[in-house]
Amino acid sequence: MLMTAFGGLMWLIFTAMLVLAVVALVLAAIAREDAYRAADKQNKVFWLIILGVTVAVNLLVPMLFLQLAGLVATIVFFVDVRPALRQVSGGGGRGRRGGSSSDGPYGPYNGGR
């Protein structure tokens, strides 16, 4: 019974790693090539290859070491590259709602007037 629960937990973890890698690959493919250069990150082809290999490894090669290396690459993309791409592309949360850089957490800052 314990081994069955452990096997189910491992399947859930591997599935989550695959889903994260697929989402990162799609987001990397959607971003513009010039945004990678403007954000001073590796180019788009580099990230598509790294994340594509990660997805392939998660699907085809059940080797934990390779899957963990792919997970690290996926985390780096989500934590470092994607926020930089969004900042350069103007895809921040405030940009979509029409806010400006002088807005505070409760609305626009008017200089104490």
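Predicted model: local features only at pLDDT ≥ 70, side-chain atom pairs only at ≥ 80, totals over all residues.
Phe 78 has a relative accessibility of 26%, so this residue counts as partly exposed.

**Aromatic pairs**
- Three aromatic pairs are counted in total.
- One of them joins Phe 46 and Trp 47 edge-to-face, at 5.5 Å centre to centre and with 85° between the planes.
- Within that pair, Phe 46 is partly exposed at 34% relative accessibility, whereas Trp 47 is buried at 7%.
- The rings of Phe 77 and Phe 78 also pair edge-to-face, because their planes stand at 70° and their centres are 6.0 Å apart.

**Helix α4**
- With 26 residues (64–89) at 1.5 Å a residue, helix α4 should span 38 Å, and the 35 Å between its end C-alpha atoms agrees with this.
- Have a look at Phe 77 again here: α4 bends by about 35° at this residue.
- Phe 77 is also among the buried residues of α4, together with Gln 67, Gly 70, Ala 73, Thr 74, Val 81, Ala 84 and Leu 85.
- Just past the end of α4, Gly 90 adopts a positive phi of about 80°.

- A nonpolar patch on the surface is formed by Met 3, Phe 6, Leu 9, Trp 11, Leu 12 and Ile 13, which together have about 690 Å² of accessible area.
- Of these, Ile 13 sits in helix α1 (residues 2–30).
- Ile 13 counts as partly exposed, with 38% relative accessibility.

Key
Residues numbered from 1 in each chain as written. Heavy atoms only, no water. Helix = DSSP H or I, 4+ residues; strand = E, 2+ residues; numbered from the N terminus. Expected span 1.5 Å × (residues − 1). Bend = angle between axes of the 7 residues up to and from the residue. Buried < 20%, exposed > 50% of the residue type's maximum accessible area, 1.4 Å probe, protein only. Patch = residues over 30% accessible without salt bridge, like charges linked within 9 Å, V, L, I, M, F, W, Y side chains within 5 Å. Areas by Shrake-Rupley, 256 points an atom, 1.4 Å probe, with all protein chains shown as cover. Salt bridge = Lys/Arg side-chain N within 4 Å of Asp/Glu carboxyl O. Phe/Tyr/Trp six-rings, centres within 6.5 Å; stacked < 30°, edge-to-face > 60°.
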